[in-house]
Structures are given as structure tokens and as C-alpha cells.
Amino acid sequence: MEREEILSAIYHCVKCKLCSISSFHPNEEWLPLCPSGRFYGYQAFYAPGKLEIFREILEGEISEPTEGLLKAVYACTLCGACYEKCKQITSVEISLPELFEELREELVKKGWFLDTHKNIAEKIKETRNAYGENYKYEAKSFYGADVLYFIGCTARYRVPEIADAMLKIFDKLAIKYQVMEDEWCCGSVLLRTGQVGDVKELREHNIEEIKNSGAKTVVFTCPGCLMTFEKNYPDMGVELVHSSQFLTRLGDMKVKKQGMEVVYHDPCHLGRDLGIYEEPRAVLKEVADVKEMKREREQAWCCGSGGGVKSAFDDFALWSAGERIKEAKEAGADALVSACPFCKRNLREAAEKEGTEVYDVVELVNRSLEG
Amino acid sequence: MNQTVSEFVKELQAIVVEENATDDPAICASYSRDQHWHFVPAKNPAYVVRPANKEEVRQVLMLANKEKIPVIPYSTGINVRGLTIPVHEGSILLDLSRMDRIVEINPEMKTATVEPGVTFGMLLEKTRKYKLRPAFPDAPLTVSVLVNYYLRGIYQTAAADGHDHVLSYEMVLPNGEVIKTGSRSLSEMPYFRYGVGPDFAGVFCAHPGTCGVVTELTAKLYRLYDNRKVYFIGFDDANTPINFLHNLMHDELAASIRLVDNQSWLKGICGTFDYEYEKLPKFVACILVEGLDEIFEAKDKLVSEYIKESGGGVLDFPEEFKRTFEEESLGGAEKSCMVFGLRGNYHCIGLYGPLKLAGKYYELHERTALEVGIPEAYIHYYVNPIYSFHGQLCYFELDIFYDGSDLEFGEKLRNYNRKQFQRLLDLGIYGWFRPYAGIIEPTVERIGYLAEVWKRFLKVLDPNKIMNRGKLF
């Protein structure tokens, strides 16, 4: 983004701060939307304040990486709820999360970033995964299959039950699939934390592997990976789909409803970034009774783990997830279901004390499938 | 001040705990501008402090007073016209957003008592179960109830609410003394504005800075009725509807009345950009009738009759538009902020004056804007009559919606202001909506000895000039 384009976007914010709450009418309920602003309180943590910080950086008025600067810039999940609300009110066209990613990129150029995020980049360099794990997630693979499952770092190393469930679904439905022999991190965490220079090698490797696989469709259980492939990778001539999209178009999977009352949590990358709201709900309705939470779809409350927040500001990440768990309980749900390994990991951790169950859509589908 | 920065922050942190006071340049930068940056340049406060209660406010003020450091109170962060932008180096930004308690909703008294961090949205959420609502400004419902009322009445979305919504409040003065106005000073019943001598609630309100920090305010609430009907009537000019609006106001028939042009506020009132507004008559009167059953029917019948003889035509808008206007008028403004999306920023001169000058104000607005090179398409208008209509009281807004990133346009607007402030004062107004820096200086030149009294009054209350210093005297 050019400097003038960024400044123009900044100059279009009139500080109405409607971006910080969900639509008030017609239900007339005061429901916050900005986790960062709500948790930290200072104006710097709301979108209008962050834009002023960006302006001062571009104009050279902020000249050192203070603790407040790093926190205001990086303790934001880039969830995009502010942008969705602003767009609805003002038809603004420049995405706030994209601006905040630009801001991070600008800071990284100056060497102003968090050690935690630097460490993640180091781990990726060493191990090709964001968690620095040296072991391999084992999965069988059918050479030459049309479908390739891109597992992602988090489902491989932190919430493997999601990957396990997806693979079992393929098996139960007799769908031949491949997994990459040497899957590397997609680069999402680097892009979201402003470390864009380190992504090139990862991208090239993954593209090469996918091309060589001959697969026609790549399935993702991680919306972060899917979004990165959609927005930050060149067109590879293959179809990119989220697991929920893939399952929806299979039609009747002959699933058995579980008798659970659940709520669906929209992952930010899947919903606000990719516009995929219906398919996860459609799949979920096949296997459970779905209740509504107050903040859903474009105005869903973020789980709190994205944008590098979980690794750097875990107290804030867990608080945000805790708010979502409360909302799920208020809706009278037995379980909270998402469609993202990042969401599941953070929500599950926050839910431990509350006794609320947390699942990914594919886990419930797997349970409901016979065989 | 005679201390190092870090020592001073430590003193502030000792009052509000460490996490709630800072001199971090990035945190301070986030408070440096509002939408009025073409007129009030960006300026960072040196410190931001977030007190949790009245006692913390008091201690911060006493410390600032001792050190002669300017203090800028700030409530929920939706500020306009540079009101919370520091003038001087080394200022304290007193962010009151943590003080967001609704102290009391009293349906029996039809009142609400709130702290500064309570927004209109927060308050309505709690009052509506009693079929009561606050008087809403046509500003985002994210704004502070207390501050909007304290700054001086509001231009409310419901004409029926009248102009003054403040009953009483408590205010911490720079020397740490706490004063209470109206019946609040005498008893635990803060429900009456007058009765202890002068109207102190009025005297402390509506200064270009503030006199102190208001920590709690009791305001009027208004009834919500189930029976409602909305009309949109189109007019080709700003003069024709005057008689019609006068009739409605004189007979107290409509709850909400707005006369707007067809290209700006109407889009928010209807809740969509996607309509052929350009095909409508140039001005549209938006009328909402409400009331108890038979009273409502009688009012509606009379309104219908006045519409027939208004000289305008009833517009056949979708039901959804009518519903949005109801929500915006009686439930807080949200969609009306769509005007911010017209070209990115807005400039307005908000003033009070009589309805009979509505046509003249518009002519003047158009003339001055065109003179300084502002395109005709950017010129917009908003009239909001207010009961009980003595003096034909209306709130007028002379609006220009423009691209805020266009710096040359900023110069045109400054030219516009220089001419227009004087011209409006010459034509005759009741007063400005907000006495902000820039508009107030040419005004006080015209008010004679009152200016001297005002100045001395502030000197007594705030001898060290710490309350938002530099905004006027």
C-alpha cells in the first residue's frame, strides 16, 4: 500500500467509534465488538486510536518502540469486526485489518517487533512449522488422489484431533486423499505479524509440492491457511476449499444427529475474511441442534487468538475466549463449535474452568458418521 | 512543573494504579486528533490517566492544580470540533471511560443518574424495559450521555423532548472541592434543577473548556409509546415547509421532525445508500407521530390535514425506511452516521435560531460555500425544531460533506468559516451548538460586559487555568 493511500484511509476515520459495538438496532443491546479495546481500555487499542498511531509513525512523530506502541499494535487479533461495522455504516473500502497489517510491516522494517513473534519466525526457519516441533504428524496418503488435505501447523501439533477427524471422515466416506510429504507452514503467522519477508520461501515450497501432487482440490480445516492461500499465494490452478465447503457439497453424508444443542462460533478468517458463513452452519445442522448467539456472522466476537495474540498476550487471548464462552452459555448451548483449530485451541483452554465443551465442526461430523 | 516526567507519572499511577496512567507516546498519540483536524491541529497529551471513581478524579485534579498542568476531560472517545484536543504541551488527558456506571434508573421519577462513561446505547438498553428512553442526540449512540447533556442540551432526535435534559450533577473542581447542583445539594433526591438560588447547573455548563469534572449527572427520561406513524414529505425548496413545520410545532403534534436535503442525512434516516435519492424533491421533511391511543389518533389526523395543505408531496418510501427513522429517532442514532461515508468527513456549523430564518440560513450557507469554491453538490442542510417552540427554537446544521484527506479543501473550509461565522452573527442566531475554539472568539467580541463576567467567573473557579486551558480566555 502506498503512503498516500494509507494516509487517505486514516483521514477517512471520523472517530464515531460505532466500530466498537455490534449493530444496536433493532435489538437495542449494547454488545462490544472490539476485544482489544474492551480489554485494554485506552483509545490506542480501538481502531480510531490505532489509526492515529499509524499516522504519527508515518509522519515520524513516533520515533521509538515503546511498550505502549508494541502493545497497541500487536495486542490486536486483526479480527476485522471493526471493519465490518464501519463498512456497514460508511461504505468504507479500505480494510482496517489490512491497514493494521501494513502498520506491523512498517514496524518490522524498523526492527520494532516482539521477541515472541521473532521466535516464531526462527522456529519456522528451523522446523518449517510455527511451533518448532521436530516430529512429523503421521498420516497415510494416496499418491495421485484428486483431493489434498493441507493440515496446517496448529492441527498437526496443537489440536491434532481436528486433523484426525478430517482424515477419518475421508476414510469413512471412501474419499481418496493426499497429505503433503513435507508440508511447511503456510506463512500466515508471519504475514499477520508483519514479517512478510520470511514468507517467500515457504510459499514457493508449498506451491511446488501442491503442483507436483497433481491434486485438483486442496481442503483446509484451518481458515488461516486457507485465507493465506487465497490472498497471499498466486493462483495455482487448483481449487481451494474449507472443510465445511467440501462436506456441504458432498450432499447426504448419512450422518446421525448427536442430540446436542450447540452454538457456532464464526472464525474471523473464515467468516469476515472469506465470507464463508453458511456452509459450516449447514454441516453443523446435520449433526446437532444449532442455537444462535447474540453476536454472529459479520459481527461475531473474536475468540482472541489470531494476529499473533495467543503467543504474545495469552491473558488477553483467554479473556476474549472467556467472553465467548459466557455468550455460548447464555444461549443455552451444551457445546461451542467452531471451524478453526486456532479458535478451538483458545476457546477450549478458556472453557476448561467453565465445563463447556468445545469442538470443531469436523469432529462432530466424524462422530456422526457411521463406520 | 518542577518534576521529571517519570516522577510525575508515578504520582498519577499512585492514584489510579500503574496500568491506568501513562506517558507512553504511542498511547498519547491515540488521543491526538478528532474529525476537526483541518481546524484544530493534532496535539498529543503528555499523560493519559484513567480514573475509576470520583475520589481518583479529585486526587488527579488536585495534583494537576498544584502543578498547574492543563487537564482535558474525555468520556467515551467520540469527540468533535477539537473539544478534547490539548492546546498546550504537557497536558493530562483524563479518560473517564472506566466510569461507566448507571447509578440509578428511576422509573417513578422518570430519571437516570449516570457516570461520564455511560453511552446512550448503554442507557437505553436499561431504560427501555420501563418504556422510557433518554433524549438522543443525532450523534452516534456511542457518545456519552453525561457529556452531551453537560456541554449544553443537545440537538435531539425527538423534538418533543425539549431542549434541557439536565436535572442536577456533581462536579469536582480543580481545587478538589465537590459541588452539587439543584436539589442534589440539599438531599438525596437529585431530581430537580432549581430551588437553591441561581441555576448553577446552567452556569457551569457549556463552556469552551470545562469548569471541572462532572462525575455524576441526573437527567430526564422520556416515554416510549407503542403507537407510531412516520411520514416523509418532499419539498422543492427550504422556504415552503416552514409554515407546515410551524403548524406541527405550534400545535405540538409530532414527536420527531427533521427537514433535510435529499442527499445527506436522509440516507441515514432511511438506512441505505441504495436508493434513487436524486429523483426526490430537494428537501424532505421527516415526521414521526406517537402517543397514547386516542391522543395518537387525534394527533395523526391533524398531522394528515396539515400535510395536505403543506405544499409538499407525501413520498412513498418503503416500510423499512420508516422503521429506521423510528429507531434512529427513539432508539439512538446509528445509521444516521452513514453521512460520514458520503465523502469521508463532515464539516458543520451547528446553531440555534428561529424557524422563520430557515430559508435565510440555507441561502447564506449556499452563498458562502459557493463563494469560497465549495461545489454545490457538497452543500447540505439539516433543521431540527425543538419543543416547546418558544422563539421558534430550532437546531440548524449547515453541513458540508467532503474528503478529509483533501488538504486544499480544508483551506476552503477555513475560508468558509471565517466568512460564515460573522455573516451568521450579522443575520441573527440564538447561539452556537457548541462554543468551541474558533467559533467562540468572534462571538465573545459581541457580548459586551458579559464576556468580562464570564472571564472572572472562570478565574474564581479555576485560578490556575487547568481545565482545558487555551480554549477561550
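In the predicted model, the axes of helix α3 (residues 47–58) of chain A and helix α6 (residues 96–109) of chain A cross at roughly 35 degrees and come within 11 Å of each other, the crossing of α3(A) and α6(A) being left-handed. On the side of α3(A), the contact is formed by Ala47(A), Lys50(A), Phe54(A) and Ile57(A), and on the side of α6(A) by Leu96(A), Leu99(A), Phe100(A), Leu103(A) and Glu106(A). By class, seven residues of this contact of α3(A) with α6(A) are nonpolar and two are charged, with no polar residue among them. As a general point, an α-helix has 3.6 residues a turn, so residues three or four places apart point the same way. Helices α3 and α6 of chain A are also included in what covers the buried residues of α1(A); in α1(A), the buried residues are Ile6(A), Ala9(A), Ile10(A) and Tyr11(A).

Chain A is divided into three domains, with domain 1 spanning 3–113, domain 2 spanning 147–248 and domain 3 spanning 261–368. The centres of domain 2 of chain A and domain 3 of chain A, taken over C-alpha atoms, are separated by 21 Å, and the contact between these domains takes 27 residues from domain 2 of chain A and 24 residues from domain 3 of chain A. Within the side of domain 2 of chain A that touches domain 3 of chain A, at least two residues each are supplied by α8 (153–157), α9 (160–172), α10 (188–192), α12 (223–232) and α13 (243–248) of chain A, and α9(A) gives the most, with six residues. The residues of that side of domain 2 of chain A comprise twelve nonpolar, ten polar and five charged.

Chain B is divided into domain 1 (102–223) and domain 2 (227–432), whose C-alpha centres lie 26 Å apart. In the contact between them, 17 residues of domain 1 of chain B meet 21 residues of domain 2 of chain B. Helix α4 (residues 120–127) of chain B provides the largest share of the side of domain 1 of chain B that touches domain 2 of chain B, namely three residues, and by class this side has eleven nonpolar, four polar and two charged residues.

Between the chains, the contact takes 37 residues from chain A and 41 residues from chain B. On the side of chain A that touches chain B, α1 (3–11), α3, α4 (67–74) and α5 (81–90) of chain A each supply at least two residues, and the residues of this side are 18 nonpolar, eleven polar and eight charged.

The largest nonpolar core has 268 residues, and those with the most contacts inside it are Ile53(A), Leu336(A), Leu94(B), Ala254(B), Ala285(B) and Ile287(B). Strand β18 (residues 393–402) of chain B contributes the largest share of this core, eight residues. Not counting residues up to four places away in sequence, Ala254(B) touches Ala159(B), Leu248(B), Ile287(B), Leu288(B), Val289(B) and Val303(B). More generally, in soluble globular proteins, nonpolar side chains tend to be buried together.

Several backbone features were also examined. Most residues other than glycine have a negative phi, and most peptide bonds are trans. A cis peptide bond with omega of about 5 degrees joins His25(A) and Pro26(A), Pro26(A) having its place in the loop between α1 and α2 (35–40) of chain A. Another cis peptide bond, with omega of about 10 degrees, joins Tyr387(B) and Ser388(B), and Ser388(B) lies in the loop between β17 (379–385) and β18 of chain B.

A positive phi, near 55 degrees, is found for Leu78(A), a residue other than glycine, in the loop between α4 and α5 of chain A. Leu78(A) is classed as buried because 27 other C-beta atoms lie within 10 Å, where the criterion for burial is 20 or more. For Lys110(B), phi is likewise positive and near 55 degrees; Lys110(B) is found in the loop between β5 (102–106) and β6 (111–114) of chain B and, with 16 C-beta neighbours inside 10 Å, counts as partly exposed.

Leu427(B), placed in helix α13 (residues 407–427) of chain B, has 14 C-beta neighbours inside 10 Å and therefore counts as partly exposed. Leaving aside its neighbours within four places in sequence, Leu427(B) is in contact with Lys360(B) and Leu364(B), whereas the C-alpha atoms of Leu427(B) and Lys54(B), 373 residues apart along the chain, are separated by 44 Å.

Methods
Residues are numbered from 1 along each chain as its sequence is written. Chains are lettered from A and ligands numbered from 1 in the order in which they are written. This is a predicted model: local features need pLDDT of at least 70, side-chain atom pairs count only at pLDDT 80 or more; totals for chains, interfaces and linings use all residues. Axes are lines fitted to C-alpha atoms, for helices over the stretch in contact, and angles run from 0 to 180 degrees between N-to-C directions. Helices (H or I, at least four residues) and strands (E, at least two) are DSSP runs, numbered from the N terminus. A crossing is left-handed if the near helix is turned anticlockwise from the far one by less than a right angle, and right-handed if clockwise. Two residues are in contact if their C-beta atoms, placed from the backbone, lie within 7 Å. Ala, Val, Leu, Ile, Met, Phe, Trp, Tyr, Cys and Pro count as nonpolar, Asp, Glu, Lys and Arg as charged, and the others, Gly among them, as polar. A residue is buried if 20 or more other C-beta atoms lie within 10 Å of its own, exposed if 12 or fewer, and partly exposed in between; C-beta atoms are placed from the backbone. Domain bounds come from an automatic or database domain assignment. A nonpolar core is a set of buried Ala, Val, Leu, Ile, Met, Phe, Trp, Tyr and Cys residues joined through C-beta atoms within 7 Å.
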